[in-house]
Amino acid sequence: MAQMITALKVQKRNPNRVNVYLDGEFAFGLSRAAAAWLRVNQTLSPEKITALRAQDTQEAAFQQALRLLSYRPRSVAEVRKKLVDKDFDPAVIEAVINRLIEGNYLGDQAFAEEWVENRSTFRPRSRRMLHYELRQKGVAEEHIQSALTRIEDEPELAYQAGIRYADRLADLDWETFRRRLGAFLQRRGFSYGTISPLVKRIWDEKHS
């Protein structure tokens, strides 16, 4: 049965939401955007009420996703998992994911490239480690491989990682320096063949 809107009241605690009253009783809340076309004395069919609720749920999920992305870039899988954790319906989540991709807020190729660039600039690590990290983020193999083609050669990445860490080891003897720097570079995913000559090179540079 159709119901009449008898009041529209902006919420005191959240001015971006509106409380909708039908036939004199509170019915549901909507975002101001979803409620913009509503008017007092307007009649709503049951189907329209259902559609409004669905629209509001999708908008809430969309805003939740935008908040997540405002902190740092995320993969599609990360955003999907966060929305699942918030108990949004799967159909709502997929609609929001598609909307984010269409609006260029989200995309795994751009995410992978930014991840690799950021890591290589601030916390260098091996291609193998970068590949592992991106797989953990749910990024597809094709996007990972494309992003990895943009980085420098492996020895240079290892050198950039090692030379920064070596400043912490300035007062150590050679054996301790070699062991600790080698272990650090191993944790960053570099191979023994890359690490062994590099540790000696950095030691010589720091003690020349």
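Biologist: Arg-125: buried or exposed?
Modeller: Buried, at 6% relative accessibility. Buried means under 20% relative accessible area, exposed over 50%, partly exposed in between (1.4 Å probe, protein chains only). This is a predicted model, where local features need pLDDT of at least 70, side-chain atom pairs count only at pLDDT 80 or more, and totals for chains, interfaces and linings use all residues. Residues are numbered from 1 along each chain as its sequence is written, and side-chain values use heavy atoms, with hydrogens and water left out.

Biologist: Which side chain does Arg-125 meet in a salt bridge?
Modeller: Glu-133, at 2.7 Å, N to O. A salt bridge needs a side-chain nitrogen of Lys or Arg within 4 Å of a carboxyl oxygen of Asp or Glu. Glu-133 is buried too, at 12%.

Biologist: How many salt bridges in the whole structure?
Modeller: The search finds 14. One of them joins Asp-167 and Lys-206 at 2.5 Å, N to O. Asp-167 is in the loop between helices H8 and H9 and Lys-206 is in helix H10, so the bridge ties together parts 39 residues apart in sequence. Helices (H or I, at least four residues) are DSSP runs, numbered from the N terminus.

Biologist: Switching to rings. How many aromatic pairs?
Modeller: Seven. Rings of Phe, Tyr and Trp (its six-membered ring) pair if their centres lie within 6.5 Å; planes under 30 degrees apart are stacked, over 60 edge-to-face, the rest tilted.

Biologist: How do Trp-174 and Trp-203 pair?
Modeller: Their centres are 5.3 Å apart and their planes at 70°, so the pair is edge-to-face. Trp-174 is in helix H9 and Trp-203 in helix H10, 29 residues apart. Trp-203 is buried at 17%, while Trp-174 is partly exposed at 27%.

Methods: Helices (H or I, at least four residues) and strands (E, at least two) are DSSP runs, numbered from the N terminus.
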